[in-house]
Each structure stands twice: as C-alpha cells, then as structure tokens.
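Here are my notes for someone opening this structure for the first time. Have it on screen while you read.

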Amino acid sequence: MSQAEQDYRRGALLVTGAALSWSTAGLLVRWTATDPWTTLFWRAVFASVALLAWLRIAAPGRMLPAFRGLGPAGLLLALCFAVSMISFINALDLTTVASVMVFQAISPLIAALLAWIWLHERLTRRTLVAIIAAFVGVLVMVSGDLGSGGFVGDAIGLAMAVTSALTIVLARFDRRVSMAAATFAGMAITAAVALPMTRFALPISDYALLALFGVGQMAFALVLFTTGVRLMPAADAGLITLLECVLAPLWVWLAFAETPQGRTLAGGVVVLGAVAASAIRRRQTAP
C-alpha cells in the first residue's frame, strides 16, 4: 500500500470518528434546557479547557509558538469555526432541524468548489456525483418538513454552510498552522460573543451535559476532523461528514423512541450508499 493510500485511509477514519461524535449533538440539545447562547458559552468554555489539555500533551513546550504561528490563515480559520458554531446553534433555535440539515448537506458542495477554485484541487466526476447523490439523499430525508422555517433562520443556516466549507478548505491551505490552536481561538471567540447573553445559575445536571457537549462532542471531534482533513481531499472529507445527517436522527430514535419516517430511512440509505461508494472507488483508484 502506498503512502498516499495510507494517509487517505487514516484521514477517512479520523473524519468518520468526528462525524460520529458530531451526530450526538441532537441528543445533548434534547437533554439540556439551556438557551442557545448559554449552550454556546459553556460548550466553548469546556471545549477550550479540553483543547488546552490536548495541546499540553500533543505539543509540550510548543503551546505559545503554536498560538503565535497562527497567522492570517489560522485566525481566519478560527473565525470561521466560531461563526459556524454560533450559526448552527442559533439556526436550530430559529428554524426547523430539517432546514439546518439541508444547509449542512450543502457544505461539501461549497467546499469542493472553493478547493477547486482556490487550492486547484482536482474535482473528479466520482466525487461530484457522490456529493450530489448524498445531497439528494438528505433532501429526501427532510422533504416533509421543508419550508416551515423563517427567512432569518435560513439565512443563518446558509452562513453556517459557507463557514463550515471554509474551515474544510482553510485546514488544507496552510498545513503549518496548529489546528488545535486555531480551534481554541475559535472557541474563545464564541465564548466572548455569547458571554453577555449567558446564564450562570444552572442545575448541576445541565453543567454535566454541557461539559460532555464541549469535551466529547466538540473538542474531541474537532481534533479528529482537523487532523484527518489534512490527509484527504476537501471534497471527500466534507462528504464523509454527511454521515452526521443520517446518524443524528437515529440516536434520537434509539434514546427517545421517535420512529423515523419512511423518507428519513430512504434518504439515509442514499447518503450511506454515496459515502460507501466514494470510499470504495477511492481505494480502488488511489495511486
């Protein structure tokens, strides 16, 4: 097996792990009773602590140089992380989950186009067809609920899609940037923006869930994703993250006995098929 194949497989596993972790967001939001800004603040705080611990372990003695070396690309990546996170939580509060998932599904298309224009990455027919098929699958999943969200929520959802796509592309643009440091900076920006609207008198159970939200669902997943995305094309990484759209309703169904509609199951099969076909084809054609 060539080094390129090894890198691709390792990157795919890491990005898949991130998608699995991100897919638990719906469960954690259901279990907590906090408003969006309080959720954003405490998730960012707990995630920041976890990322600092990770930097101490992964880069002992190099924490300050990592932050000093962020540069314009690293700071822009941090800003995109922050805007994407803020947009995601607030979009869920203003429009339907279905609409938010559609905008999230658009993100890989935007990332692939940006990588083609900006980084001159080759956009293969295989990747383009797989992304379109996955996008269609997500549309099938949410087709019964589309149109019930407001314009403001949809606009925020679109901002989430664009900034999420930018994080995928920027992660590959300058590989010298410490992704953990950039992510930490993004968390700091998120916490600063949310602070004025944050509630501090919360039940212990909410603090525990928000800690899990920040450490496990956010920090751990971001470390996996930002490491893995450097090892594979941006379009393929974005495609794999669409697994979150399929798995998120599955976890809610298992935990709360909410039976998915037939269109949700049918769309999930399409998305999973597109991801699997893309991965198999990539393995067969990798140099």
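**Notes on the aromatic cluster and its surroundings**

1. Start with the rings: Phe41, Trp42, Phe46, Phe200 and Tyr207 form one aromatic cluster. Rings of Phe, Tyr and Trp (its six-membered ring) are paired here if their centres lie within 6.5 Å, with planes under 30 degrees apart called stacked, over 60 edge-to-face and the rest tilted. This is a predicted model, where local features need pLDDT of at least 70 and side-chain atom pairs count only at pLDDT 80 or more, while totals for chains, interfaces and linings use all residues. Residues are numbered from 1 along each chain as its sequence is written, and side-chain values use heavy atoms, with hydrogens and water left out.

2. How many aromatic pairs does a search of the whole structure find? There are 6 of them. One of these joins Trp42 and Phe200 edge-to-face, at 5.6 Å centre to centre and 80 degrees between the planes. Trp42 belongs to helix α3 (residues 36-58) and Phe200 to the loop between α9 (179-194) and α10, so this pair ties together parts that are 158 residues apart in sequence. Helices (H or I, at least four residues) and strands (E, at least two) are DSSP runs, numbered from the N terminus.

3. Is Trp42 buried or exposed? Trp42 is buried, at 13% relative accessible area, whereas Phe200 is partly exposed at 44%. The cut-offs are under 20% for buried and over 50% for exposed, with partly exposed in between (1.4 Å probe, protein chains only).

4. Trp42 also pairs edge-to-face with Tyr207, at 5.2 Å centre to centre and 85 degrees between the planes. That pair links distant parts of the chain, with Trp42 in helix α3 and Tyr207 in helix α10, 165 residues apart.

5. Now look along helix α10 (residues 204-228). Its 25 residues should span 36 Å at 1.5 Å a residue, and the end C-alpha atoms are 34 Å apart, which agrees; the expected span is 1.5 Å times one less than the number of residues. There is still a kink of about 25 degrees in α10, centred on Phe213. The bend is the angle between axes fitted to the seven residues ending at a residue and the seven starting there.

6. For the overall picture, the protein has 13 helices and 0 strands, and 52% of its 287 residues are buried.
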